Each structure stands twice: as structure tokens, then as C-alpha cells.
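The following note collects points on side-chain interactions for a colleague who has the coordinates at hand.

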Amino acid sequence: MKIVFGFLATILIVSLASFSHASDPSPLQDFCVAVKDSVAPVFVNGKFCKNPNMVVADDFFFSGLNKPGNTSNAVGSNVTTVNVNQLPGLNTLGISAVRIDYAPYGLNPPHTHPRATEILVVLEGTIYVGFVTSNPENKLFTKYLNPGDVFVFPEGLIHFQFNVGKTNAIAFAGLSSQNPGVITIANAVFGSDPTINPDVLAKAFQVEKNVIETLLEAQS
């Protein structure tokens, strides 16, 4: 009886694990090229499919990742995104890509991708990268990467990249979702619309309210 119960418990655990696995659904046909339909009567988890008879090679094509992004901003980095919104053929395929350009000492600020794991490949420069595990450990893993080095950021965890060199740096990354999403921590916390109550943030960060108000003003 114990053996049977143990076997059934194992099946249940595996089944629950499979149902709780967070990733893009597997495609049910060769492809499902996305079409824009802003007036659709229903919402779907993804994009509507283009008529396969109308699909062309350009639906699977994107050009421009050879061009550097504009890094003349406050953080000194630029992310050129290639997800389902730029490349319709990615719909249902569970993958996307980005190019990241860094000015000298440029930063891709701490952020998360709620729906994707990211694998980063450095092409130029030296980049300091890291990610933080979930509560309660909040353990930090960091590494200095040089051209040809690869680093992976687990799905949903806060991570960052910082160009530690005096020259520009370039990296490419693949993400395990057609639409991975991005939550930049500073923007979400201090730039929300409407603004989070400063009392809440002061309590959360254990600082004086005037410090929070200064940060909110700087973000606005």
C-alpha cells in the first residue's frame, strides 16, 4: 500500500510541476505568424495567427542588429529588442533576442524578465554582470565577462550588466519567450503611474520620507 501511495504521490508531484511550469506554450503547427488586431473581440495569450497562405519570408526576418544603439542617456546603455512585436514569425516559438550597447561605464540597470531566462554573449568590451536569488537568501552571483564569454540569468530574477571599460561594449542575448517583458526596478518603484505613496516606500526601504521624495522627483 505504501509503495502504491508513494507512486501516486510521485505522479501527482510531477503533474503539478508540469502544470506550474512557466514558459511559452508549445506551437501546435509549423508556425503562427502574428498579426496585429487591435479591435479583436477576444483576448488571447499571445498573438492571432496570420493566414498561412499569406505568410511570406519577410515574416521571419529582421534587419538592423548590426547597428549600434544610442547610448546617450542617463544610464549609458541601449537595448535593441527583437521580440514578437518586431518579428511576427516568433509568435508561439518561445524565443526572442536583443542587442545591448554600452557606453564606457554604461549600465543596463537592475531589472527582471518575468517570462524568460536570458543567455548573454559578449562581443566587445568587459562587462560586469550579476543576478540576485529570491528571498530569503538574496544571494548575489557576479562575473566579469570578456568577448566570447557567456552568462545566463535565470527566469524572473533581478540582474544587471555594467561596462567596466573605457571603451564601448556590445552584447547579444537570447530569451526563452517570444515576449519576455522587462521590469526595470528603479522605474517600477519610483516611476509608477500613479506614484506609490512615499510613506510606503520610506517604510519599505527603511529611510526617511524626504529621501524617497527626492528620488521620486529625480525619476519624474
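**Points on side-chain interactions**

1. The side chains of Glu118 and His159 make a polar contact at 3.0 Å. The model is a predicted one, and the remarks below should be read accordingly. Glu118 belongs to strand β6. Glu118 is buried but has no salt bridge, and the nearest side chain of opposite charge, that of Arg115, is 13 Å away. Neighbours within four places in sequence aside, the residues in contact with Glu118 include His111, His113, His159, Gln161, Phe151 and Phe153.

2. The largest nonpolar core has 17 residues, and Tyr102, Leu120, Ile127, Val129, Leu145, Phe151 and Phe153 are those with the most contacts inside it. At least two residues of this core come from each of β4 (96-102), β6 (118-124), β7 (127-132), β9 (150-153) and β11 (169-175). Strand β11 supplies the largest share, four residues. Another core lies apart from this one; it has six residues, among them Val189, Phe190, Ile212 and Leu216.

3. With neighbours within four places in sequence left aside, its contacts include Ile100, Tyr102, Val129, Leu145, Phe151 and Phe153. Asp149 and Gln161 are also among the residues in contact with Leu120.

4. How many salt bridges are counted? The count comes to three. In one of them, Asp101 pairs with Arg99, with the closest N and O atoms 2.9 Å apart; Asp101 and Arg99 are both buried. In another, the side chains of Asp59 and Lys50 meet at 3.0 Å, N to O. Here Asp59 is buried, at a relative accessible area of 10%, whereas Lys50 is partly exposed, at 23%.

5. A salt bridge also joins the side chains of Asp199 and Lys209, at 3.4 Å from N to O. Because Asp199 lies in helix α3 (residues 198-205) and Lys209 in helix α4 (residues 209-219), this pair ties together parts that are ten residues apart in sequence. Asp199 is partly exposed, with 44% relative accessibility, and Lys209 is likewise partly exposed, with 35%.

6. Asn197 caps the N-terminal end of α3, where a side-chain oxygen lies 2.8 Å from the backbone nitrogen of Asp199. After α3 comes Gln206, which has a positive phi near 55 degrees.

7. Seven aromatic pairs are found in a search of the whole structure. For Phe31 and Phe60, the ring centres are 5.4 Å apart and the planes stand at 75 degrees, so this pair is edge-to-face. The pair links distant parts of the chain, 29 residues apart: Phe31 is in the loop between α1 (2-20) and β1 (34-35), and Phe60 is in the loop between β2 (48-49) and β3 (77-82). Phe31 is partly exposed, at a relative accessible area of 30%, and Phe60 counts as partly exposed at 39% relative accessibility.

8. The rings of Phe131 and Phe151 form a tilted pair, because their planes are at 50 degrees, with centres 6.1 Å apart. Phe131 lies in strand β7 and Phe151 in strand β9, so the pair ties together parts that are 20 residues apart in sequence. Phe131 and Phe151 are both buried.

Definitions and conventions: Residues are numbered from 1 along each chain as its sequence is written. This is a predicted model: local features need pLDDT of at least 70, side-chain atom pairs count only at pLDDT 80 or more; totals for chains, interfaces and linings use all residues. Side-chain values use heavy atoms; hydrogens and water are left out. A salt bridge is a side-chain nitrogen of Lys or Arg within 4 Å of a carboxyl oxygen of Asp or Glu. Buried means under 20% relative accessible area, exposed over 50%, partly exposed in between (1.4 Å probe, protein chains only). A nonpolar core is a set of buried Ala, Val, Leu, Ile, Met, Phe, Trp, Tyr and Cys residues joined through side-chain atoms within 4.5 Å. Contact means heavy atoms within 4.5 Å. Lys and Arg count as positive and Asp and Glu as negative; His and the chain ends are not counted. A polar contact is a pair of N or O atoms within 3.5 Å; within protein, one must be able to donate a hydrogen and the other to accept it, and residues adjacent in sequence count only if both atoms are side-chain atoms. Rings of Phe, Tyr and Trp (its six-membered ring) pair if their centres lie within 6.5 Å; planes under 30 degrees apart count as stacked, over 60 as edge-to-face and the rest as tilted.
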